[in-house]
Amino acid sequence: METREVRHIEKKETIGIILPDSICDRLAVEGSQINVRAYQEAADQFMLTAAFFKVKDIQPGRPTVKAWISSENGYEQRTMPLPQILYSRGFLSRKQQRFLTESGIIFYNHKGFKHDKYRMHTMIMKDPELRHSLPRTAKADPAVLKTMMASYDSVLLKPVNGSLGAGIMHIEKISKNSWRLDYQVKRKQWEVETFQEEIPEVILKAFDARPYLIQEKILLATCKGRPFDLRVVVQRNHTGNWVVAGILCKVSPSKDQFITNLSQGGQSLSFEDVFTHHPDFPLIPTRDCIEQKAVQLARHIDRYAEHIADIAFDLALDTSGRVYFIECNFRGRYGNVRYKGKRLEEWKAKHTNPIGYARFLYNQMKHP
């Protein structure tokens with residue numbers, strides 16, 4: 001497609017939205033798709049011109065970029081000056097970051113820090129008000145495992161850098177001197193082993209292969225007998241503040257399963273689906289408690305990260321109603337929405353808030 005050269009797209013400010021390659025490629029072939037439309041609607045709402053491009057389109061030393069801009073004929077790719085503010089849904093290189101900084105361009109959500117569960121745990125431990133939201137956690141080795149097993153009847157073993165539930169093991173006491181180990185051999189395929197004093201070889205090999213942590217297992221609240229945890233998305237919005245964009249409940253495949261990850265067979269339900277008629281937790285007070293904790297966590301983590309605007313928390317609610325931090329990810333995956341009602345509104349909010357934050361930043365530049 002021919003690229004048009006332009007110096008000014010419109011009089012209103014431009015937000016550069018850095019998208020995954022696959023989404024930009026579809027703009028070239030198929031035109032707009034649902035995620036782009038959501039960002040476009042948000043840009044229109046906040047009187048911003050949306051310019052879409054890939055990470056690799058940013059060339060250090062080059063003050064322009066080829067971007068997809070909405071027009072009467074769909075989306076057209078144009079060469080334009082790099083927008084003053086960028087919202088990143090991709091990973092910028094250090095060279096790109098340095099170039100943008102030296103060029104006076106504001107870019108946010110480009111990076112939190114390396115995905116490390118133990119580092120995140122120690123970081124949150126620094127806040128006295130948040131410490132009680134952490135399950136007991138320690139770096140794994142055989143001696144520490146035995147100490148934790150002496151203190152708790154059920155513990156989880158997690159790869160420090162793992163994701164999607166891969167590599168997690170569960171140890172549970174079944175009698176005075178016996179333990180049961182559940183570990184995954186393939187996705188959704190588990191093996192069970194019982195042992196007494198000697199730690200199973202599969203655990204020792206896992207500890208040797210990569211760093212693990214050992215964590216007290218939280219007795220999760222249940223939905224119709226199945227344990228569940230919470231995915232809570234917290235973002236900066238047009239006021240510059242952290243707000244909760246949505247809460248998703250991840251329900252385990254069965255009453256006996258402890259993994260809730262959707263990739264491992266878990267079920268996705270809205271907050272209302274789970275709590276509207278829950279026998280133990282009233283809907284509004286429970287939601288208020290979870291949202292308050294999530295925003296408090298976001299504000300704390302923000303002190304240690306580089307200009308983030310989007311955090312997806314995994315939180316646990318135990319049977320007494322206590323909220324625990326499990327882990328978090330930067331730049332949550334919001335995909336194509338297939339839901340109606342409340343979940344559709346939450347999905348839209350996840351696209352609207354970060355664009356609103358660009359409006360806040362532009363306003364700050366005008367009136368610091």
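The lining of the second largest pocket contains seven nonpolar, five polar and six charged residues. Here Ala, Val, Leu, Ile, Met, Phe, Trp, Tyr, Cys and Pro count as nonpolar, Asp, Glu, Lys and Arg as charged, and the others, Gly among them, as polar. This is a predicted model, where local features need pLDDT of at least 70, side-chain atom pairs count only at pLDDT 80 or more, and totals for chains, interfaces and linings use all residues. Residues are numbered from 1 along each chain as its sequence is written, and side-chain values use heavy atoms, with hydrogens and water left out.

Back to the pocket. A pocket is an open set of points on a 1 Å grid over the protein atoms alone, with protein on both sides within 12 Å along at least five of seven lines; a cavity is a set where a 1.4 Å probe fits but cannot get out; lining residues have an atom within 4 Å of a point. The volume of the second largest pocket is about 420 Å³, a volume being the space filled by probe spheres set on grid points joined across faces, edges and corners. Which residues lie nearest the centre of the second largest pocket? They are His170, Lys217, Asp256, Gln257 and Phe258, out of 18 lining residues. Strands E10 (169–173), E11 (179–186) and E12 (189–195) are the elements that give two or more residues to this lining.

Now the whole chain. It has nine helices and 19 strands, both taken as DSSP runs numbered from the N terminus (helices H or I, at least four residues; strands E, at least two). Of the 368 residues, 53% are buried. Buried means under 20% relative accessible area, exposed over 50%, and partly exposed in between, with a 1.4 Å probe and protein chains only. Of the contacts (heavy atoms within 4.5 Å) with a separation of 6 or more, 62% are between residues 24 or more positions apart.

Next, helix H4, residues 117–125. Lys117, Met120, His121, Met123 and Ile124 are buried in H4. Down the axis of H4, these buried residues fall within an arc of 165°, so they line one face of the helix. The arc is that of the directions from the helix axis to the C-beta atoms. What do the buried residues of H4 pack against? Their partners are strands E8 (137–139), E9 (154–159), E13 (212–216) and E19 (323–330), along with helix H8 (283–302).

The structure has one cavity of 30 Å³ or more, and the volume of the largest cavity is about 70 Å³. Its lining consists of Lys117, His121, Leu134, Pro135, Thr137, Lys158, Leu213, Gln215, Phe325 and Ile326. At least two of the lining residues come from each of H4, E13 and E19. By class, the lining of the largest cavity has five nonpolar, three polar and two charged residues.

Helix H5, residues 142–151, comes next. Its buried residues are Leu145, Met148 and Met149. They cover an arc of only 100° around the axis, which puts them on the same side of H5. Ala143 and Ala150 are exposed, on the face of H5 turned away from its buried side. The buried residues pack against E9, E10, E11, E12, E13 and helix H6 (201–209).

Two buried residues elsewhere. Ile105 sits in the loop between helix H3 (94–102) and strand E7 (106–108). Is Ile105 buried or exposed? Ile105 is buried, at a relative accessible area of 9%. Leaving aside residues up to four places away in sequence, Ile105 touches Leu82, Pro83, Gln84, Leu86 and Leu100. Pro83 is 22 residues from Ile105 in sequence, but the two C-alpha atoms are 7.4 Å apart in space. Gln97 is in helix H3, and counts as buried at 12% relative accessibility.

Finally, two loop residues other than glycine with positive phi. Lys224 has phi near 55° and belongs to the loop between strands E14 (222–223) and E15 (226–236). Lys224 is exposed, with a relative accessible area of 77%. For His307, phi is near 45°, and the residue lies in the loop between H8 and strand E18 (310–317). His307 counts as partly exposed, at 27% relative accessibility.
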